[in-house]
Amino acid sequence: MLFLRLITAAILLFWGQLLSAQVLTVNTVTRPPFSMMEGGRETGFSLELLKIIAERLDWDIRINRTASFAEMLDGVRNGEADLAAANISITASREVEMDFSHPIFESGLQILVQADEIRQPSLLRALLSWDLAAAIGIAFLLLFGGGMLMWAFERRAQPYFDRPLKEAWFPSFWWALNLVVNGGFEERVPRTPVGRMFGVVLVVSSLFIVSIFVAKITAVMTVEAISGSVNSVNDLYGKSVGTIGGSTAAGFLDRRDIGYSAFAGLEGMLAAFESGEVKALVFDAPVLNFYVQQGGHQYGRTIGQPFLRENYGLVFPAGSPLVEEVNQALLAMQEDGSYDALYRTWFGSQN
């Protein structure tokens with residue numbers, strides 16, 4: 001009887017182990033806000049997403065934080081890890097060697113530039129610009145010319161203009177200026193037919209003069225706001241640019257023949273940026289924006305909109321049976337709203 005009980009207990013123990021949660025090794029690399037250590041805890045958008053999936057699939061995951069992005073992928077490629085999670089772009093070259101889940105995040109590349117590469121808009125600088133000075137000069141010439149023509153038409157009919165040429169230039173200019181700004185003076189309405197017709201032309205023209213003047217100021221201020229030395233990808237040629245070697249950003253820069261310094265990891269790249277070794281970084285937009293929000297604004301800021309749109313995914317060894325399970329869990333999360341809730345926690349409302 002005792003022997004039977006022992007056999008039964010052994011069978012139950014063995015069966016319980018079979019039914020216990022599947023233990024999976026997950027490779028990752030530090031890429032805030034997708035994967036990071038915070039307060040001694042593994043966290044980040046990708047890892048928190050994976051934890052939800054693991055709970056639904058009854059997985060027990062073991063996080064293996066690698067030293068580099070390449071090491072993380074090599075572990076998956078060689079079958080040493082069951083999957084990897086971070087900011088892993090879904091690319092054709094990686095798909096040849098590994099399998100991806102459905103996209104978990106839509107991203108893109110962006111440019112981070114040093115603070116001294118950015119010139120803040122200045123009203124004084126805009127007002128002192130040559131373009132605006134030329135516009136003001138032309139406006140004054142038009143007002144002066146219009147006022148003197150009205151003096152020629154009205155000097156014998158309108159008492160205001162009844163003065164010699166050497167004394168008439170400023171009152172005539174002042175009359176034209178008030179016509180544009182205030183609509184003129186009722187007591188100084190032109191009295192001759194030609195003067196009245198010309199006055200109407202001046203009133204109508206003044207609307208265009210004011211509009212052009214305001215538009216010119218706006219244009220100059222806009223140019224001032226974007227007049228940093230790096231405003232787009234085309235401005236990166238000849239600049240000191242950095243990114244992480246082997247990344248999709250590095251591939252993009254290679255295709256554009258833009259020289260850059262390749263760094264092994266995020267920490268080294270950001271340290272080089274903060275020290276001024278490189279003046280601009282090209283990398284994943286959410287990673288750069290998170291860095292700026294967490295204190296990096298004292299060193300620089302991102303410019304423009306993300307480009308080279310790409311999707312992140314979880315990556316598995318080729319032929320992994322786990323891919324279909326994960327895809328089903330991802331679809332369920334999108335349908336029940338749990339994916340959106342997690343996204344809002346980390347990035348706010350989706351656009």
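## Burial and overall make-up

Of the 351 residues of the protein, 42% count as buried, where buried means under 20% relative accessible area, exposed means over 50% and partly exposed lies in between, computed with a 1.4 Å probe on protein chains only. This is a predicted model, in which local features need pLDDT of at least 70 and side-chain atom pairs count only at pLDDT 80 or more, while totals for chains, interfaces and linings use all residues. Residues are numbered from 1 along each chain as its sequence is written, and side-chain values use heavy atoms, with hydrogens and water left out.

The protein has 13 helices and 12 strands, these being DSSP runs numbered from the N terminus (H or I of at least four residues for helices, E of at least two for strands). Among the contacts with a separation of 6 or more, 72% are accounted for by residues 24 or more positions apart, a contact being heavy atoms within 4.5 Å.

Helix H12 covers residues 322–336, and its 15 residues reach 21 Å from the first C-alpha to the last, close to the 21 Å expected at 1.5 Å a residue; the expected span is 1.5 Å times one less than the number of residues. Its buried residues are Leu 322, Val 323, Val 326, Asn 327, Ala 329, Leu 330 and Met 333. Seen down the axis of H12, these buried residues fall within an arc of 165°, so they line one face of the helix, the arc being that of the directions from the helix axis to the C-beta atoms. What covers them includes strand S1 (22–28), helix H2 (45–57), strand S4 (59–65), strand S6 (98–100), strand S12 (315–317) and helix H13 (338–347). Just after H12, Gly 337 takes a positive phi of about 90°.

Helix H2, one of the elements that cover H12, has 13 residues and reaches 18 Å between its first and last C-alpha, close to the 18 Å expected at 1.5 Å a residue. The buried residues of H2 are Phe 45, Ser 46, Leu 47, Glu 48, Leu 49, Leu 50, Ile 53 and Ala 54. Just after H2, Asp 58 takes a positive phi of about 60°.

## Strand S1 and its partners

Strand S1 runs parallel to S4, and 7 bridges join the two; strands are taken to pair if DSSP finds at least two bridges between them. S1 also pairs in the parallel sense with strand S5 (residues 83–84), over 2 bridges. Asn 27 takes part on both sides, standing opposite Asn 64 in S4 and having Ala 84 as its bridge partner in S5.

## Aromatic pairs

The structure holds 14 aromatic pairs, counted where ring centres of Phe, Tyr and Trp (its six-membered ring) lie within 6.5 Å, with planes under 30 degrees apart called stacked, over 60 edge-to-face and the rest tilted. The rings of Phe 34 and Phe 45 have their centres 6.2 Å apart and their planes at 85°, so this pair is edge-to-face. Because Phe 34 lies in the loop between S1 and strand S2 (36–38) and Phe 45 in helix H2, the pair ties together parts that are 11 residues apart in sequence. Phe 34 counts as buried at 0% relative accessibility, and Phe 45 is buried with a relative accessible area of 0%.

Phe 252 and Phe 307 form a tilted pair, with 5.1 Å from centre to centre and 45° between the planes. This pair links distant parts of the chain, since Phe 252 belongs to helix H9 (residues 248–255) and Phe 307 to strand S11 (residues 300–312), 55 residues apart. Phe 252 is buried at 8%, and Phe 307 counts as buried at 18% relative accessibility. Ring pairs also link Phe 34, Phe 45, Phe 105, Tyr 312, Tyr 339, Tyr 343 and Phe 347 into a cluster.

Leaving aside residues up to four places away in sequence, Leu 236 touches Ile 111, Val 230, Val 241, Leu 253, Ile 258, Ala 280 and Val 282.

Ile 303 has its place in strand S11 and counts as buried at 10% relative accessibility. Not counting residues up to four places away in sequence, Ile 303 touches Gln 110, Ile 111, Val 113, Val 230, Asn 231 and Ser 232. The C-alpha atoms of Ile 303 and Ser 232 are separated by 7.7 Å, although the two residues are 71 residues apart along the chain.
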